[in-house]
Amino acid sequence: MKALLRSTPLYMILPSLALALLIIGYPIVDLAWTSMQEVSRFGQMRGFNGIENYADVFNDPLFYGSLWRTVIWTVAVVAGTLIVSLPIAIILNDDFYGRGLARVIVMLPWAISLTMTAVVWRWGLNGRAGLLNATLMDLHIIAEPIEWLATAPLAFTVEILVGILVSIPFTTTIFLGGLSSLPQDAYEASTVDGATGWDQFRFITLPLMKPFINIAVVLNVIYVFNSLPIIWVMTEGGPANGTDILVTYLYKLAFRFGAIGKAAAISLIMFFVLFVFTTIYVLMVMRAEQGEQEDKALEEEDEVETTLSHVTAILERAR
Amino acid sequence: MNKLKKSIIYWVLLSPLAVVILFPFGVMFVTAFRPRDELFVYPPTWTFSRFVWGNFVEMWSKTNFGGALVNSLYVSVAATVIALVFSIPAAYALSRHRFAGKGLYRQFLLVTQMMSPIVLVLGLFRLMVQMGLVNNLNSLVITYAAFYMAFTIWMLQSYFNTIPKDLEEAAWIDGATHFTSLVKVFLPLAVPAMVVTAIFTFINSWNEFVLALTMIRSSDQYTLPVQIYSQVAGRYQVEWHHVMAATVLATVPVAIVFSWLQRYLIRGMALGAVK
């Protein structure tokens with residue numbers, strides 16, 4: 001028994017496994033079960049009703065509206081974040097005066113919770129006294145204050161921009177990690193061959209950064225598509241459900257309208273979407289780890305080769 | 001291109017982003033010190049007549065900021081301690097042992113790390129109802145510990161891997177048992193890693209919103225993010241100078257610590273240990 005314990009450190013793993021299964025595993029099972037029950041407003045189960053909740057979801061125009069906005073929200077935030085973050089990372093990776101300060105500023109949004117950021121922006125965008133209006137009026141860009149959050153299309157656009165802003169630090173960090181691992185000699189060699197900065201970016205940086213870009217896309221999609229605080233705090237999905245994405249709609253169904261069965265069905269649908277992206281992420285991590293091991297093996301081979309060529313060189317000189 | 005010229009170009013390129021990033025901080029400070037009757041002036045302006053430090057005192061006494069601060073501290077410290085107590089042995093096992101199902105366990109961790117509370121929030125709420133923990137801060141302690149555990153295990157494991165095995169082996173040769181070598185040799189070396197991981201878990205718990213909004217029903221149990229949100233949401237008149245004063249107090253200390261430690265996050269992120 002003692003030998004078994006020593007060889008299989010299960011007792012070290014089990015507590016964490018048990019906690020995760022209780023808090024993360026059990027709710028999934030419960031949601032799956034609830035999504036197939038008729039549930040009263042007060043959470044009482046009235047019996048099995050098969051796929052009725054799912055049928056309800058798929059007949060709901062608000063669901064399709066929220067789904068469509070979730071797609072726009074996710075694609076716009078992730079794409080915007082990547083387009084801004086890559087140049088920023090390239091700049092921050094280079095040596096220039098004030099780089100330390102620049103890094104701190106770029107990383108600042110990460111240090112503050114999404115809730116607080118959204119609360120501050122809600123006030124900064126206030127239609128009457130907001131300081132964004134103050135700034136734009138001082139600069140004579142606008143003559144009258146704008147009600148940024150009063151109409152859905154404008155509010156949603158602003159929320160996407162705030163979403164991009166808060167995703168930049170994390171994405172830039174991934175890219176900085178990638179950039180620091182790029183081989184310097186490739187750049188030096190290409191400079192000798194007369195490559196311009198743009199050529200280097202297109203033919204060296206971009207291809208070599210591809211794995212990091214992929215990871216950044218997948219992780220951002222996971223984080224952004226189920227991010228609630230920004231939209232919830234700034235507009236609560238309003239006006240008139242015009243900025244609702246799936247998570248805000250789900251939250252309203254569950255905790256405002258008491259549509260428990262339907263909310264459970266949407267949760268489960270979202271869980272499967274999340275699971276698909278998570279699986280992609282896990283596969284990417286596993287592949288990266290394998291690649292690392294192969295790299296190590298290759299390096300060892302290289303060592304053997306250099307030793308061999310060294311030996312040959314000595315022999316040649318001797319001859 | 002010399003360095004000075006390059007620096008100027010880079011700062012010009014970065015400046016629009018820097019302005020947008022710093023804008024909310026400006027809003028926060030300018031409003032927190034503003035006299036109440038200058039909140040809604042037309043045309044809106046950045047300037048104001050005098051600094052009102054009293055906003056902070058007034059906010060503290062009128063909005064139960066102190067209570068929410070204590071709640072947030074309790075939840076974040078307890079969640080961090082529990083997460084670490086569960087993570088340290090697991091991370092040690094991953095770093096030092098080979099065992100059946102190790103790959104599977106690592107995949108399980110990656111999946112739980114990506115699980116977001118919002119997708120499970122309804123199921124979690126029903127679980128807490130059954131456990132009788134609704135409106136109890138301990139519901140948050142357990143859930144935060146469970147959700148951030150995957151992150152702490154990844155972080156700790158990547159640090160543990162950098163601690164040479166030779167030291168423990170030397171202790172074994174000197175007759176120490178596995179347990180004593182763990183407690184007397186390994187853990188002291190791992191203290192910096194544990195501190196950094198603990199701080200990140202603390203900050204994550206400190207900032208969490210969705211679960212706190214859901215599980216906590218009465219205002220005397222609110223954590224800071226929910227307490228501040230409740231002063232803004234669904235109110236006809238929002239005391240913005242109080243809200244911004246509260247935001248300054250709740251975020252600035254954490255932001256300073258985070259900015260200081262952020263380089264460790266980059267290091268520990270090597271394998272999926274993010275956010």
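Q: How many salt bridges does the rule count over all chains?
A: In this predicted model, the count over all chains comes to 8 salt bridges.

Q: Which residue does A:Asp60 meet in a salt bridge?
A: The side chain of A:Asp60 meets that of A:Lys262, with an N to O distance of 2.9 Å. The pair links distant parts of the chain, since A:Asp60 sits in the loop between helix 3 (52–58) and helix 4 (61–93) of chain A while A:Lys262 belongs to helix 13 of chain A, 202 residues apart.

Q: And are those two buried or exposed?
A: A:Asp60 counts as buried because its relative accessibility is 8%, under the 20% cut-off. A:Lys262 is buried as well, with a relative accessible area of 15%.

Q: What does A:Asp244 pair with?
A: A:Asp244 forms a salt bridge with A:Lys252, and the closest N and O atoms of the two are 3.0 Å apart. Both A:Asp244 and A:Lys252 are buried.

Q: How many salt bridges are there across the interface of chain B and chain A?
A: The rule finds 3 salt bridges across the interface of chain B and chain A. One of them joins B:Lys6 to A:Asp94, with 3.3 Å between the closest N and O atoms; here B:Lys6 lies in helix 1 of chain B, and A:Asp94 lies in the loop between helix 4 and helix 5 (99–111) of chain A. There is also a salt bridge between A:Asp95 and B:Lys3, where the closest N and O atoms are 3.4 Å apart.

Q: Back to B:Lys6 and A:Asp94, how accessible is each?
A: B:Lys6 is buried, its relative accessible area being 16%. A:Asp94 has a relative accessible area of 25% and is therefore partly exposed.

Q: How many residue pairs are in polar contact across the interface?
A: Between chain B and chain A the rule finds 17 residue pairs in polar contact, counting pairs with both residues at pLDDT 80 or more.

Q: What does A:Thr278 touch?
A: Leaving aside residues up to four places away in sequence, A:Thr278 touches A:Ile222, B:Leu110, B:Val111 and B:Met114. A:Thr278 itself lies in helix 13 (residues 260–318) of chain A, and with 0% relative accessibility it counts as buried.

Q: Switching to chain A overall, how many helices and strands, and what share is buried?
A: Chain A has 13 helices and 2 strands, and buried residues make up 50% of its 319 residues. Among contacts in chain A between residues at least 6 apart in sequence, 66% join residues at least 24 apart.

Q: Which residues other than glycine have a positive phi there?
A: Among them are A:His140, with phi near 60 degrees, and A:Glu236, with phi near 50 degrees. A:His140 is found in the loop between helix 7 (131–138) and helix 8 (152–180) of chain A, whereas A:Glu236 is found in the loop between helix 11 (229–234) and helix 12 (246–255) of chain A.

Q: Are those two buried or exposed?
A: A:His140 is exposed, with a relative accessible area of 71%, whereas A:Glu236 counts as buried at 18% relative accessibility.

Terms used. Residues numbered from 1 in each chain as written. Chains lettered and ligands numbered in written order. Predicted model: local features only at pLDDT ≥ 70, side-chain atom pairs only at ≥ 80, totals over all residues. Heavy atoms only, no water. Salt bridge = Lys/Arg side-chain N within 4 Å of Asp/Glu carboxyl O. Polar contact = N/O pair within 3.5 Å; in protein donor to acceptor, adjacent residues only side chain to side chain. Helix = DSSP H or I, 4+ residues; strand = E, 2+ residues; numbered from the N terminus. Buried < 20%, exposed > 50% of the residue type's maximum accessible area, 1.4 Å probe, protein only. Contact = heavy atoms within 4.5 Å.
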